[in-house]
Amino acid sequence: MRARRNSSLLALAASLHAWAQAPAPSSAEPASVEGMVTHAVSGAPVVRAHVLLRGTARDAKTYGAITTAEGTFAISGIPPGNYYATVDRVGFFMPALPGGRNSVQLSLKAKDKKEDLKLQLAPLGSISGRVVDAKGDPVEGATVTPDTGQGANGQAREVSDDQGRFRLAGLTPGKYRVKAANTTLSSLPSLPEIRTDGTVEVRYVPTYYGGVTDFKSATRVELGTGAEVNGIEIAMVRLPHVRISGRVQGVPAETRVALIFGQVNGGSRSSSGIRKDGTFEVWDIDPGKYVLSAGWTAGDQRVQTSPFEIEIGESHIDRLELRVVPPSDLAGSILFEDEAARPPTPKQGAQQGQAPNMPQGPQGPGMAANRGPRIELRAVDPAIMMVQNSGLSSDVGPEGGFQLKGVAAARYGVTLTWPNAWVKSISLGSQTVEGNVVNLRDGSGGAALTVLVSSAFGTISGKVSDASGPVAGARVVLVSEDWISTGDNSMTVTEETGVYKFPRVRPGKYRIAAIEAGDSAPFMGVLDDYEDIFARVDVRPKDQLTKDLKRHAPIR
């Protein structure tokens, strides 16, 4: 999930880094800090809250205090320097501050006496309910977890008791899909029972609240600050045992091979135990759409079969053939739709200062220092993304030529490292596709790769307001609906007049919203969770769109 930021935010980050590295004088007289911690909802003082001051210098110490019955605290003997102030207490969380910051920044000089540091804590919430089987009877021992789709609260889990009851505590505000996975009712991968009475063993698969097995279809539970949501009943879904079998071609003798099931909507599973002749049989993979691949190590090389898409439901999938497609060496060229799409010279790049809102490459905004323009390939097949930690890249010559070596069989998103162009179409030999994804699952066949790039960006601008008028400092997020391949997701902050602007937007379909600084940015694969706050925009080349927005109130 790489959230793209504009130039002002990058400049801010650079200044914060410099601020954090500023050394403190070693012999100066100490400073002191006093203040109060209050309840973010009621305003009441919070007792026994733990306040921390963390120094930013490499050898800086950490100072702390516990709040009194009046919610006050005092810390003395602090060497001058720069500090981050935070507060924590069991059952509470520290709400994000304006600009999305998670701490208060303090610059203390010698003899400073800061007496008005105000910090807030907000109560955590909980979700409780029952897990039942298909007959409505309680399921004991089911592991229940909350999932926002962003990794938040990933460690929160509870095991249902003998009445099927569970309570997930310590949750921050958000929209959760609650999942139960029962390991006591034949949900572990195993061969099905052999029955001679005509019945068929069924298994209980991981089930989301709403009685579904897939993440996207699950019913979301909306949790406000400090809220307690009760009555969430998860009825486990029963499915027959399902087998997946086939053969991996070209496996060397005595080689350990792993099957990788990369789930299209996130998550994955690997399975070993492929027989010496390359055949395999795997039972009870959870329902869903997967990209399947097999991989092993030969010497110092990682070998991966070409990705194969499957959808696992209630029927066996047999006679699969997984084969190795040799890596391709791709000679190619970039065609420039217009002169403005050409990479800037190093001098031009320095003058531009870089950082458009939608950089077209994983290196971030613009070309890396002392590096020329490059073209990059990033695998977008889930099974390959798991094992391919870095993408492939090549320098781009003055006339647009490039050479990519050892490209494994997979689907790739093609991106650029210079900011003034976007990938419009890709041709592999005589086949041309719109967009920036190239399918190399069957290799290149020796065909050349031609990438057409354009500078015809669109722009989106507008004003953010609420009931009181224009909103300064609001966060506006812009997320492409094909963000996995393009990497296009961006955030900017409104000016004092409430105005925002995304100056360089690759043509395509987007969702846009204005949100509170404290909210988790709804990037990536959870767009549907924020359907009620997002507006849709369709950006065409050279569009200059105006989109006024209402700021979305945080969940409380």
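Modeller: Ground rule before we start: a salt bridge here is a side-chain nitrogen of Lys or Arg within 4 Å of a carboxyl oxygen of Asp or Glu. And keep in mind that this is a predicted model.

Biologist: Fine. How many salt bridges does that rule count?

Modeller: The count comes to 19.

Biologist: What does Lys 424 form a salt bridge with?

Modeller: With Glu 337; the closest N and O atoms are 2.5 Å apart.

Biologist: And which parts does that pair tie together?

Modeller: Lys 424 sits in strand E33 (residues 422–428), while Glu 337 is in the loop between E28 and helix H2 (346–352), so the pair links parts that are 87 residues apart in sequence.

Biologist: Why does Lys 424 count as partly exposed?

Modeller: Because its relative accessible area is 27%, and partly exposed runs between the 20% limit for buried and the 50% limit for exposed. Glu 337 is partly exposed as well, at 36%.

Biologist: OK, what about Glu 339, which salt bridge is that in?

Modeller: Its side chain meets that of Arg 342, at 3.0 Å from N to O. Glu 339 counts as exposed, with 59% relative accessibility, whereas Arg 342 is partly exposed at 30%.

Biologist: And Arg 165, what does its side chain meet?

Modeller: Asp 161, in a salt bridge of 3.0 Å, N to O. Arg 165 is partly exposed at 47% relative accessibility, and Asp 161 is partly exposed at 26%.

Biologist: Which residues are linked in a network of salt bridges?

Modeller: Glu 309, Asp 381 and Arg 441 are linked that way.

Biologist: Switching topic: where is Asp 329 found?

Modeller: In strand E28, residues 328–336. Asp 329 is partly exposed, with a relative accessible area of 47%.

Biologist: What does Asp 329 touch beyond its sequence neighbours?

Modeller: Leaving out residues up to four places away, Asp 329 touches Gln 403, Leu 404, Lys 405 and Gly 406. Its side chain also reaches the backbone nitrogen of Gly 406 at 2.8 Å.

Biologist: Last one, strand E3. How do E3 and E4 run, parallel or antiparallel?

Modeller: Antiparallel: five bridges join E3 (residues 50–55) to E4 (residues 62–66). The two form a hairpin with six residues between them, and His 50 stands opposite Ile 66 in E4.

Biologist: And how many bridges are there between E3 and E6?

Modeller: Six, again in the antiparallel sense, with E6 covering residues 81–88. Across that pairing, Leu 53 stands opposite Ala 85 in E6.

Terms used: Residues numbered from 1 in each chain as written. Predicted model: local features only at pLDDT ≥ 70, side-chain atom pairs only at ≥ 80, totals over all residues. Heavy atoms only, no water. Pairing = 2+ DSSP bridges. Helix = DSSP H or I, 4+ residues; strand = E, 2+ residues; numbered from the N terminus. Buried < 20%, exposed > 50% of the residue type's maximum accessible area, 1.4 Å probe, protein only. Contact = heavy atoms within 4.5 Å. Polar contact = N/O pair within 3.5 Å; in protein donor to acceptor, adjacent residues only side chain to side chain.
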